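Here is a quick walk through one protein model, with an eye on its charged pairs and one of its sheets. Have the sequence and the 3D view open as you read.

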Amino acid sequence: ELFNKCFFETLEKIDKAVGRPPDVLALQEVLVPNRFVINRPGAQSTTFEIDGEMNDEVRRAFLPKDIARFDKLRIKAERLKNWAIRNVYTRLAKCGYVRVCFSKPELSTYGANWGNAFVIHKRVGQAVDHSLFHSLQLEGYIGPGIFGPKHEESRTLITLPITLGKWKMLLASTHLEVWDADHSCQEKQALQIASFLLDEKKKQGCDEVLLTGDMNALWRDSYSAPELERMKKNNRGEPLALKTMDILSTIGTVLSAGIKGECWTHRCVSHAVYDGHRSAAETTVLYNEASDHGLLLTTVAPDGSK
């Protein structure tokens with residue numbers, strides 16, 4: 001509840017500062033209302049409308065195998081299932097948001113209604129064809145993690161074209177692996193993303209690509225050599241995750257460059273990467289007292305204006 005309070009306060013601050021809330025919210029580790037749970041084989045993504053009368057309730061929708069895993073850890077999945085978040089989507093509707101495009105990982109241990117989502121504001125509703133929403137299942141991870149030596153999970157990339165006049169952008173968002181100590185899985189995921197976005201940009205006839213998300217990796221150019229060395233010494237004996245952003249930077253400019261800390265580890269692992277040439281773009285971070293990550297606010301002006 002504290003996080004949701006901070007989240008909506010942040011949206012209000014943006015609205016007051018720039019005269020409008022964000023056109024699109026790109027959310028990672030989001031839970032959707034239980035009536036939209038994806039529990040059908042092969043169905044990994046969905047879109048749905050939201051309105052002020054939803055009176056929605058969100059609870060974790062665990063699969064039976066995941067309940068068994070949590071029980072082995074003496075973490076009662078039933079307790080997590082019974083913990084409810086209420087009326088978040090109703091509040092989003094009151095802020096002017098009208099549609100959610102949601103995707104869950106194929107190997108999701110955190111709930112069948114847990115994943116990545118775009119939340120679309122009515123102001124750009126006509127600029128978005130939600131039938132073009134796409135979810136790409138990324139390389140899965142099997143190895144040491146919260147569920148023991150054979151922890152299994154996968155991640156997704158979501159994309160959605162948005163058209164404003166003659167200008168068309170491909171929005172993309174992801175959440176990369178964090179459990180692989182050598183970062184090899186997230187590096188494979190980054191290679192998948194870079195290749196896919198190049199093809200999808202051409203396929204959708206887009207002028208530009210904007211990729212955002214929790215990459216669980218550092219952009220080396222944001223830090224000095226001494227800063228990197230200090231972080232390396234304070235990294236539980238594991239290498240720093242640096243190659244991942246090297247790969248993703250081949251897509252375009254890292255707009256989050258220069259942000260040194262936005263998450264609980266006092267590092268910046270959430271990023272925005274942009275390949276536009278005709279637009280003015282910038283990213284800043286907005287902090288809050290509840291989330292383990294800050295909120296990245298990226299502004300793009302198609303005509304070059306602020």
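Is K260 buried, partly exposed or exposed? K260 is partly exposed, at a relative accessible area of 38%; buried means under 20%, exposed over 50%, and partly exposed in between, using a 1.4 Å probe and protein chains only.

## Ground rules

This is a predicted model, where local features need pLDDT of at least 70, side-chain atom pairs count only at pLDDT 80 or more, and totals for chains, interfaces and linings use all residues. Residues are numbered from 1 along each chain as its sequence is written, and side-chain values use heavy atoms, leaving out hydrogens and water.

## Salt bridges

The whole structure holds 10 salt bridges, each a side-chain nitrogen of Lys or Arg within 4 Å of a carboxyl oxygen of Asp or Glu. One of them pairs K260 with E227, with the closest N and O atoms 2.9 Å apart. K260 sits in the loop between β13 (253-254) and β14, and E227 in helix α6 (residues 225-233), so this pair ties together parts 33 residues apart in sequence.

D275 and K201 also meet, at 2.7 Å from N to O. D275 is buried at 11% relative accessibility, while K201 is partly exposed at 21%. R20, D23 and R123 form a network of salt bridges.

## An open sheet

Four strands make an open antiparallel sheet in the order β1-β6-β5-β2. Strands here are DSSP E runs of at least two residues, and helices are H or I runs of at least four, numbered from the N terminus; two strands pair if DSSP finds at least two bridges between them. β1 and β6 (residues 114-121) share 6 bridges, and L25 has V119 in β6 as its bridge partner.
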